[in-house]
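Visitor: I'm new to this one. Can we walk through some helices together?
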Amino acid sequence: MPRVFVDQEPQIGQRLTVDGEDGHHFARVLRARVGEPVAVAGSGRACLGRIVEIDRDAGAMVVLPEEELPGHEPALKLYLIQGLAKGDKIESIVQKGTELGMAGFVLLQTNRSVARVEPRRAEAKLARWRRVAREAAAQAQRDVIPKVELVYSISEAATWLQSLGVERVFLLDEEEDSYGLRTAVQTGLMAGGPLRAAVAVGPEGGWSDVERKAWAEIARAASVTLGPRILRTETAGIAAAAAILYEFHELGG
């Protein structure tokens, strides 16, 4: 089922104008027609509707929501703090993480990040990463588009997470060899803990000692291990997220 996102919660019987990239794509690329069904999502709610008007010149359409669709969002709001990585790894991480069900991404320039994003180029990079999240959310039939932000310090990342109500941060650390992620999740989240959490993953070179200390002091992060095998930065966060969501029965478990 094709899916579009709007900036408001869709209401049954309330016509919604879809323009911008989605409107252009449906009206001028897909050549959608009046009467065709489409799912429209916004603010965590999705409805099945039909197209009632199309303006091909303007690249816009009007959708009339007709019935509410089952929710597709995990009960656990899980965020990923990802140390900036080389090449197109960030795009892949955002895409796969969105498909999996992550609520948002904080991309962090760390001491050992080979990739650097100058502040003057930040908006262009963010626009690209947010577009990837939007496309992946539509493909995965998500009800919301995950947030994507870029920060330059652990304190900024901690402030962003605090603003979202995240109280538990799991720091994936190659130097930790005894405290496993599953144990941390079962004791820190499933035992009546918060339903908002985050996983922090370092870049290719891992975390520095200064950063480990900062995570512990600023964000009260718990260092955890994923086992004896060393995972690539683009693999670790996705693997950890999948394990956590599985424990919460969000992957059919």
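Visitor: Which residues of helix α4 are buried?
Guide: In this predicted model, the buried residues of α4 (residues 154–163) are Ile-154, Ala-157, Ala-158, Trp-160 and Leu-161. Buried means under 20% relative accessible area, exposed over 50%, and partly exposed in between, with a 1.4 Å probe and protein chains only. Helices (H or I, at least four residues) and strands (E, at least two) are DSSP runs, numbered from the N terminus.

Visitor: Where do they sit around α4?
Guide: They cover an arc of only 160 degrees around the axis, which puts them on the same side of α4. The arc is that of the directions from the helix axis to the C-beta atoms.

Visitor: And which exposed residues are on the face turned away?
Guide: Gln-162 and Ser-163.

Visitor: What do the buried residues of α4 pack against?
Guide: Several elements, including β6 (77–83), β7 (104–108), β8 (147–151) and α6 (209–218). Contact means heavy atoms within 4.5 Å.

Visitor: What comes just after α4?
Guide: Gly-165, with a positive phi of about 85 degrees.

Visitor: How should I read the numbering and the model?
Guide: Residues are numbered from 1 along each chain as its sequence is written. The model is predicted, so local features need pLDDT of at least 70 and side-chain atom pairs count only at pLDDT 80 or more, while totals for chains, interfaces and linings use all residues; side-chain values use heavy atoms, leaving out hydrogens and water.

Visitor: New topic. How do α5 and α7 pack?
Guide: Their angle is about 40 degrees, and their axes are 10 Å apart. Axes are lines fitted to C-alpha atoms, for helices over the stretch in contact, and angles run from 0 to 180 degrees between N-to-C directions. That makes α5 oblique to α7. Angles under 35 degrees count as roughly parallel, over 145 as roughly antiparallel, 65 to 115 as roughly perpendicular and the rest as oblique.

Visitor: Which residues meet there?
Guide: Leu-181, Arg-182, Val-185 and Gln-186 in α5 meet Ala-240, Ala-243, Ile-244 and Glu-247 in α7.

Visitor: Which residues of α5 are buried?
Guide: Leu-181, Ala-184, Val-185 and Gly-188. They cover an arc of only 95 degrees, so they are on the same side of α5. Arg-182 and Thr-187 are exposed on the face turned away.

Visitor: What about α2 and α3, at what angle do they cross?
Guide: Roughly 30 degrees, and the axes come within 8 Å. That makes α2 roughly parallel to α3. Among the contact residues are Ile-90 and Val-94 of α2, and Trp-129 and Val-132 of α3.
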